[in-house]
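Please examine the sequence and the three-dimensional model shown below. The paragraphs that follow lead through its sheets, its helices and a few individual residues.

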Amino acid sequence: MTRKILIVEDDHATASYIAKGLAEAGYSVETCHDGRDGLFLASEGIFDVIVADRMMPGLDGLAMLAAIRAAGISTPTLILSALATVDDRIDGLQAGADDYLVKPYSFAELHARIEALLRRTDRVASDQQTVKLNVGDLEIDLLARSVSRQGRTILLGAREFNLLEYLARHAGQVVTRTMMLEKIWNYHFDPGSNVVDVHIGRLRRKLEEGFTVPILHTVRGAGYRLSVDG
């Protein structure tokens with residue numbers, strides 16, 4: 001699907017130059033030349049990235065961006081500006097910009113930064129697609145951070161939930177103690193304690209108490225596996 005880029009730049013020659021380069025790179029491009037028009041177009045929510053000059057007559061780029069964000073529009077936005085101090089860049093990012101490119105710049109860098117914003121958006125969208133994990137009759141809601149089995153709510157602490165999510169993402173596979181220590185506790189060494197086994201024991205009791213089918217299994221000498229098949 002062709003990505004749509006909105007360019008908001010009051011200098012017509014610059015806007016035309018950027019638009020030509022992005023069109024040649026395969027993007028669908030729309031341009032406007034002041035912040036008010038930019039705000040109107042951005043509000044349609046059809047663009048994948050907005051590239052906006054900071055200094056514009058009427059409504060400048062930061063004011064436009066602040067209004068866009070206030071309207072709940074999260075389109076990734078790259079601010080272009082000749083204002084290059086650290087404070088200038090901070091002002092841009094705090095106004096809601098996702099990136100800030102100082103003039104003069106090369107088109108190659110501008111293009112690379114747009115691609116980076118698109119990759120970041122794609123990763124977020126991919127992560128958000130998975131909002132629930134199911135292992136047999138066990139359901140894990142990643143957004144609500146809630147767990148249920150056969151419709152019955154199971155209350156877990158934060159560490160227990162993280163541990164269960166990790167096991168569920170590897171459902172049917174053996175997860176070793178070392179893997180859990182690194183992922184859940186951020187230990188890159190064996191602390192010489194039974195912290196994993198203690199948490200697994202608590203988690204197993206909560207997941208299996210009152211149910212006839214075990215779901216969290218010990219694989220002797222290897223680790224643990226979340227599975228309805230044993």
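Two residues are said to be in contact when they have heavy atoms within 4.5 Å. Helices (H or I, at least four residues) and strands (E, at least two) are runs assigned by DSSP and numbered from the N terminus. The model is a predicted one, in which local features need pLDDT of at least 70 and side-chain atom pairs count only at pLDDT 80 or more, while totals for chains, interfaces and linings use all residues. Residues are numbered from 1 along each chain as its sequence is written, and side-chain values use heavy atoms, with hydrogens and water left out.

Helix H7 (residues 177–184) and helix H8 (residues 195–208) have axes that come within 10 Å and cross at roughly 90 degrees. Axes here are lines fitted to C-alpha atoms, for helices over the stretch in contact, and angles run from 0 to 180 degrees between N-to-C directions. H7 is therefore roughly perpendicular to H8; angles of 65 to 115 degrees receive this description, whereas those under 35 count as roughly parallel, those over 145 as roughly antiparallel and the rest as oblique. Arg177, Met180 and Leu181 in H7 touch Val195, Val196, Asp197 and Ile200 in H8. Sorted by class, this contact holds 5 nonpolar, no polar and 2 charged residues. In this scheme Ala, Val, Leu, Ile, Met, Phe, Trp, Tyr, Cys and Pro count as nonpolar, Asp, Glu, Lys and Arg as charged, and the others, Gly among them, as polar.

H8 also packs against helix H6, at an angle of about 80 degrees and with the axes 10 Å apart. H6 and H8 are therefore roughly perpendicular to each other. On the H6 side, Arg159, Glu160, Leu163, Leu164 and Leu167 take part, and they meet His199, Ile200, Arg202, Leu203, Lys206 and Leu207 in H8. The contact of H6 with H8 has 6 nonpolar, 1 polar and 4 charged residues.

How far apart are the end C-alpha atoms of H8? They are 20 Å apart, which agrees with the 20 Å that its 14 residues should span at 1.5 Å a residue; the expected span is 1.5 Å times one less than the number of residues. Several residues of H8 are buried, including Val196, His199, Ile200, Leu203 and Leu207. Buried means under 20% relative accessible area, exposed over 50%, and partly exposed in between (1.4 Å probe, protein chains only). After H8 comes Gly210, whose phi is positive, near 90 degrees.

An open sheet of 3 strands has the order S10-S12-S11, and its pairing is antiparallel; two strands pair if DSSP finds at least two bridges between them. Strand S10 (175–176) and strand S11 (216–219) form the edges, each pairing on one side only. Strand S12 (residues 223–226) is joined to S10 by 2 bridges, and Tyr224 in S12 is the bridge partner of Val175. Helix H6 (residues 158–169) packs on this sheet and touches S10, S11 and S12, its direction making about 75 degrees with that of S12. H8 packs on the sheet as well, touching S11 and S12.

A second open sheet contains 5 strands in the order S2-S1-S3-S4-S5, with parallel pairing. Its edge strands are S2 (28–32) and S5 (99–102). Neighbouring strands of this sheet are turned by 20 degrees against each other on average, direction ignored. Helix H2 packs on the sheet and touches strand S1 (4–8), S2 and S3. S3 and S4 are joined by 4 bridges, with Thr77 in S4 as the bridge partner of Ile50. Another 4 bridges join S4 to S5, where Leu78 stands opposite Asp99.

Why is strand S4 (residues 77–81) described as largely enclosed by the rest of the structure? The reason is that 5 of its 5 residues are buried. In a regular strand the side chains alternate between the two faces of the sheet. Accordingly, Thr77, Ile79 and Ser81 point one way from S4, while Leu78 and Leu80 point the other way.

Finally, Phe47 lies in the loop between helix H2 (35–42) and strand S3 (49–53). Phe47 is buried, with a relative accessible area of 8%. Leaving aside neighbours within four places in sequence, its contacts are Lys4, Ile5, Leu6, Glu30, Leu41 and Thr75.
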